[in-house]
Each structure stands twice: as C-alpha cells, then as structure tokens.
Amino acid sequence: MRVFQPAMRISLLWCCAGLLLGIVVLIQLKLEQHSGGRIAKLEQLRLLPRGEVLRPALLGYHHVGADFLWLRVVQVLGDRVVRDQDYEWLYHALDVITTLDPKYVYAYEAGGTVLAELAARVDLSNQLLEKGLAPNPNSWQIPFKLGFNHFFHLNNYRRAADYLAQAARVPGEFPIGPPLYTARLAARLYAQGNNPDVALEFLAGMLDQTTDEKIRGQLMRRIKRVSLERDLQMLERAVQQFVETRDTRPPSLAKLVEAGLLAQIPHEPYGGEYRLDSATGDVTSSTHSERMRVYRSSDSMASEGDPE
Amino acid sequence: MIARILSISLNSFRENLREKLLYNLLIFALLMIGSSILLSRITIGDYHRLILDIGLASINLFGVLIAIFVGIGLVSKEIDRKTIYTIVSKPIPRYAFLLGKYFGLVITLLANTAVMVLGLLVVLYVMDVPITGLFFQSIGLIFLELMVITAVALLFSTFTSSTLSAIFTLGIYVIGHMSGDLKELAKKLDEISQAIINVVYYVLPNLERFNLKGHVIHGLDFGASDMALTISYGLTYAGLLLLLAGIIFQRRDFQ
Amino acid sequence: MATSTIILKTEALRKTFKVGFWGRQVTALEGLDLEVRQGEVFGFLGPNGAGKTTTLKILMGLIYPTSGQAWLFGKPIGDRDSKARLGFLPESPYFYDYLTGAEFLRFYGDLFGLSVSVVNRRIGELLELVGMTHARDLQLRKFSKGMLQRIGIAQALINDPELVVLDEPMSGLDPIGRKEIRDLILRLKEEGKTIFFSSHILHDAEMLCDRVSILVKGRLVAMGRVSDLIGADSTHSIEVLVEGLGSDGLAQVKPLTEKVTVTGDRALLILKGQQSVNEVLERIRTAKAKLISLTPHNSSLEDLFIRQVREQRGEE
C-alpha cells in the first residue's frame, strides 16, 4: 500500500476500457448487418425539409449544405438498386439542393440526366432543369439537356430545337461554351426533326458529355436502336429508288449494291441481318420487328414513345 | 455505496433544477412542440407527420442542448467552486462522485424529457394523431442518445474547462451523426483515408443509431432484436465513457 | 500527551506542479516531515504560498504527492476507513448555496453512510454547537461569511471525527467570528479530538496550539511546543510611553534604554529586560513626566515567525 495509485489497478481499468470498446465495435458491426443503414439514409433524404425552409436554418452555410446533400444523393445513388418510387425523393433532394444553391449547374445537369435516363421521369427532369434556366443564363448544359429530353423523350422537335438554339447562344468555347455542333444540330432539328441522322448526332453529342457508366450504356443502347432505324430507312430509300428506276422490285438486298444504289449493306447493329420481302418490298431486321414510328411519321409533333 | 452515489445524484439533480438554462430550454422546447399545432393549420396534407417531426426533433434537440450545457459544468463547476474538496475528503471513492453527478444529470434529463414528451402527447392527442409503440421506442432511443452525450460531456469535463468541453462535446455530437455518411463517402477514397474514417466510425459513438424519427413518421418497423442491440450499444458506450472518465478523474489533482 | 499515538505523519513529502503552457516545474513542497499526536491542537503555520494548503490537499486525497509518503491513523492516505474518522474544512469554502443548513449537513451525513437517526441527532447537536440553530432552514446563500465558516465546521464534524483538519479557519472573519472559532476549537479539544489547522494568523495559533510547525517556501523551518520555540530565543522587552519628559529627563533615561523614539512631547522608550524598569520609572518620576503606558513585550510566535521567514528569504 502506497500513497500512489496502484499502477496495476489502473492498467486493469484500461484493459476493461479496451474490452468495452471492443464490445461497442462488435455491436456496431452486428447492427450494420442487421438493419440496412441505407434505409435510414433514404429516410433522411425523404425527410429533408423544403429548401426555402432549410436555407435560413443553415445560417449562411447553404452552399456547404448543398454540397453535403449532393454528396449524400450521389452516394445513395451510387450503389442503389433502382426502384421507381424512390425517385420522388431524389427529385425532392435535388430540388432542395438547387434551392440552397441555385447556381449548382452540375446538380441540375446530372440530376436531370439521372431522372430522365435512369428513372424515366422526364417530367421531373424537365421541372428541375427548367428551374435552373433562369439563375444560370451562362450554362449551355441545362438547355442542351432540356433539348435532349424534348427530342428523345417527348418527341417535341420544335421545342428541342428551341432549347438547343438557346444552348448554342451561350458564349465561350467548349467546355465553357457549347460544343460546336450545337448550332448545326439546332438548325437540323428545325428542318428535319424526324431524321435519324440528326438523332444520332444528338446522341453522340450527349454521349460525349456523359461520364456515368450507367447512363452511357443507356445512350449507347439508344444509338444502336436509332442506327437500326437509320439503316432501315436508308435501305427502304434504296428499294424505292430501285423500283422507280427499274419498275420492278429488287429480288434481294445484294441487288441494290450491284445496282450502285448502296455502297454496301450495312451491318445490323444487334448482330442480326436485314431482310427484304421481295413480294412487298418491305425491309425488316431479323432482331427487331417493330419500327420506331417517330422517324417515319412526317409529323414532327408526334408524341408517342418509341419502342425499344 | 449505492445510497451514497444516490445522495450525490439527488444533490446534483437539485443543483441542476436551479439552472436557469434548463428552464429556458424547456420552455423553448414546449413552445416548439406547441407551435406545431399552428404550423399544421397552414400546411396542406399530412399534418400528422409535421407534428411528429417537430415534436420528436424538439425533444431530441433540446435534450441534447441540456445534456451538453449542463453536462460540461457537472464536474468543472464543483472544482471551480471547490465544493469537490468537501466531497473527495469524505470516505467515498472518486468514481462514486462521478457516477453520482452523472446519474444526477440523467435524472434531470429524465424529468425534462418526461415533461417534453407529456407536452407532445397532449398535442398528439388534441390533434388526433395516432400514437404508436414505435413512438415510444423512438423516445427511448432519444433518451439513450442523451445518456451517451451526457457521458461524453462528463468525460471532457473531467480534464478540460467548460468551454473546451462544450466545443468537444458538440464536435462529437456532430461527428457522431455524420460518421455513417463519412464511412460511405470513404469508399470512394484511398485506403489510408478509409482506414482513418473507419477508426473514427467505430470508435466514436454512432449517434445515428439512436435516430428512429424517420421510422416513426413513415411507420417503418424497428425489430425487437434491433432495439435490443441498439440499447446494448448505447449502454455499453456510456459505460465505456464513464470508465474512461473515472480513470482520468482518479488521477487528477484538484488545484 | 506528548507520548500519545501519532495520528498523522508525513515523510519527505514533496510536490511539484507544472505551470503555464510550457509546463515549468514549480516546487510547492520540499520534503516535508510532520507528526501530529492524538489529542493535541496542532498549528500549521506559514505565510501565504508556503505550501500549507498543498499539504492539506495531499492529506485529504485531493492531490497526489510527487514523492514521499503520508499516513493518517497509521494507514496510507486515501484509505477509506481513515477518511471516515476525519473531518475537513477547506479554505474559503463555497458550498451548495441552494441547500438549507440542515439539508447541507444531511447531505454530508449521507456521504458518510450514517443512518437517518444518527444524522438527525448530529444535525441538532452540531447546529447547537456552532450556534446556528436559527439557520436550520435558511439557504446557505443567505449566510454571512462567519456563518458559512461555522456551518463548514459543522460539516467537518458530522461524522464525529477523531481528527479535524481545518484550512485557514480564521481567515476573513471579524474579531468576534475569530473568537467563536477559537472557542469551538478549544471545545473540540476538550472532547478529546485532535485538531490540525493551518493559519497565517499567529496570534490565534499562539493562544490555541499545543504545538506548531512553521512552513516557509515548502520547507519546515520550525516544529515544537509554542513555549519551547519562543523560549529558546526569547528576548523580553518593555515599552514605556511617557509625556513631558523634556530634554534633560531624556538625557537621564537614555543610557538605560535600548531605543528611544520621540514624537512631539511624547517619547517611546524600549527597555531591554526587567532589570532597568524600576530605575527608569524612578528617573521619570524625578523628571516629573507623565507615564502614559508600560507594556511588557513578550517575544511572541510572531517574532519567531518573522525571523524565520526573513532567514529563509535571506538564504535565497
């Protein structure tokens, strides 16, 4: 017995502390396996108060708030299985973020793309993007994306062209300003909205701007599908020309090449082949029987969705 | 020994009851809870949710404020005012003093939370909002969070000034609610940052675990085993903090 | 009494503190050896900052010594059984001011684990003892400084301790308050308790203490019975104040005195020892001067104290 603290007892207590810490960590691990921490996170995004309310509550730190929320949205999105009903909260979260920081161009752009391409909620995507137009007159991405939505998802070429023209007017060189082809694309949209070539150019432009793998995949699928349509239209035009010049239907597609109407028969993008019904003169694909009506109709205001 | 700890607790409780801060916060909380009635009049649609939201958040927030700002003074005030001299010289071990002070504030918080919950229950009853078992589960976990935060404040107040304790405890509170997100974010970082964040995540209290507010509002089930695990998590963590506080306090000189 | 058991003992007790940002070492106590015996009133004296409170804090288990050892009731300090036989009043205490006198004492009674009936009895006895029965239901924040000191002593006595340790019990009190505390200490001594108190007010200590020790700058410079300490180098002197002595008279008296101070018509004569008193008085009478006062000046603890402090400081 001494006046000093017995060193033994203290180290024993430290051991106890270590033990307790171990138990704490164990329970944490156990809890992690148990309840999806994810649910809680989603809940929080859903519970987010409206931006107008949150903004004053952040006492001037609303930009940081927007960043922080954006990070949450990104990580929740990153490893989620897409469930349709969950995109309501995504829109809500994006709405809050863009209210906190109305100039957060990337949030509009990426959010708009995710909503339209992954969530198939063009309505929400457009709502978000349109909200971003006024505070960001120098962003070409927002009108570009709006144009894309109107072109592909709503088949409204006129408005798509309007938005693209707006994007094209943003000064500066790419990537500060719009890509060079934007103005040309707008012009072509005004003239021939239902031309698959225009669509392909638009898609290629979109693909250029997109880094997210999921969305790139989506765009690439679309490009394939439109390419198929373009090929079919090209083949049909060749058949038409054949009939006009020879007054008889071509017996096979190869004849079109022989007649010099085509340089070659294009490859079917899905790995199938193009077939010609010599009785009717119809050209079809072995993989897709349905046609994309959008590009056949001469009415550029067609509003039906295109099959995939 | 338990009787002696209890008499320190009751003395501490009495002392806390004299804190003006306590009443200010309590009144503020009750006003917040009450104001949810007004807010629910101007909202469209789901006012149940609004009342529950505001009510639970108020109970939580004001409980935390009380736990922090009363908790940091628990020990340092006794040292500053030298009242601790008369206690440590009595035949009770120092840890008993610490435990007494801790439970004194826990009793204070219990009384406070009870008042706030009562206020909320009245509002819920008046507004015809259904009261579920989940609601009480959520209150229970809020209280558990308060116990952990009190222990954090107590730990800091055994070796730093009140001001520093307040800052540290607030820091732990904020990190405790963010560490889960930090861990998720870390998945996209390099290994060293990941390791650091993982240590922070597992060693610091994960206060998000005690947050059932979302569950209550959306009526999501919180299973009994989850509840048991969460409770044991909170109690073990508080125990760990008290043990550390005890070790530090035992070695401390009272100047 | 000198042969009775040693109740408090320290051996080479040393304490250094780290101060400031850089952790500069400051020595508060430099190898202190003390012994307090059962039943005595022991004065622990020294100027402010000598290390008295530090010593008491070590004994009460409030701080830990850097080196050295200490025992209370023959057991190393910190032992809970010996703490139960101890009462302590800290220096200028602040108490829980929201408690009433009775609640306050009850709280400390509970800390000793005393039964309700014992506590109730002790509360009555102690309030009586310290003359505070009227303050039974009065909150401590309405107490005067003297009342706080008295309730503080009552607090220290709640467990009927064998050893009572008081840190500066008389400081900050008016003369009446000090007398009350002195009386209280003497009563406790009559009850057979050992009292160990620190003080820088030597007059009180001299009247109360069986033994004293003098601490200067963390070192013990003297320890023993008051009479022994003073007797060892006692130099009695006598002060004589006269009026209207005149220059002739003054010249007559001067050879017999040690020092003369003249202020207007008055003269203060300081005589060394008893032997010249009669002669001086005779000469004053013949000079027809008026004797104002004659004060025998015993060498006091104060002289010893001041000398010791000066010596210590001179050493540095």
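## Confidence of the predicted model

Chain B has a mean pLDDT of 87, and 98% of its residues reach 70 or more, where pLDDT is the predictor's confidence in each residue, from 0 to 100. This is a predicted model, in which local features need pLDDT of at least 70 and side-chain atom pairs count only at pLDDT 80 or more, while totals for chains, interfaces and linings use all residues. Residues are numbered from 1 along each chain as its sequence is written, chains are lettered from A and ligands numbered from 1 in the order in which they are written, and side-chain values use heavy atoms, with hydrogens and water left out. Within chain B, confidence is lowest in helix α10 (residues 213-218), at a mean of 76, and highest in helix α7 (residues 133-157), at 93; helices (H or I, at least four residues) and strands (E, at least two) are DSSP runs, numbered from the N terminus.

For chain C the mean pLDDT is 85, with 95% of its residues at 70 or more, and for chain A the mean is 79, with 85% of its residues at 70 or more. In chain A, helix α2 (residues 37-47) has the lowest confidence, at a mean of 57, and helix α7 (residues 122-133) the highest, at 91. Over residues 297-308 of chain A pLDDT stays under 50, and for this stretch the model has 27 contacts beyond four places in sequence, a contact meaning heavy atoms within 4.5 Å. To the complex the predictor gives an ipTM of 0.84 and a pTM of 0.71.

## Chain B against chain A

The contact between these chains takes 35 residues from chain B and 32 residues from chain A. The area buried between chain B and chain A is about 3,100 Å², with 67% of it given by carbon and sulfur atoms; buried area is the accessible area (1.4 Å probe) that two parts lose on being put together, summed over both. On the side of chain B, the residues that lose the most area to chain A are Asp181(B), Tyr202(B) and Arg209(B), together 19% of what that side buries. Across this interface of chain B and chain A the rule finds zero salt bridges, a salt bridge being a side-chain nitrogen of Lys or Arg within 4 Å of a carboxyl oxygen of Asp or Glu.

## Chain C against chain B

Here the contact takes 30 residues from chain C and 29 residues from chain B, and the two chains bury about 2,800 Å² between them, 56% of it on carbon and sulfur atoms. In chain C, Leu62(C), Tyr98(C) and Leu111(C) lose the most area to chain B, together 24% of what that side buries. The rule finds three salt bridges across the interface of chain C and chain B. Lys15(C) forms a salt bridge with Asp253(B), with the closest N and O atoms 2.4 Å apart.

## A salt bridge within chain C

Over all chains the structure holds 31 salt bridges, including one in which the side chains of Glu168(C) and Lys52(C) meet at 2.9 Å, N to O. This pair links distant parts of the chain, 116 residues apart, since Glu168(C) lies in the loop between β7 (163-167) and α6 (175-190) of chain C, and Lys52(C) in helix α1 (residues 52-59) of chain C.
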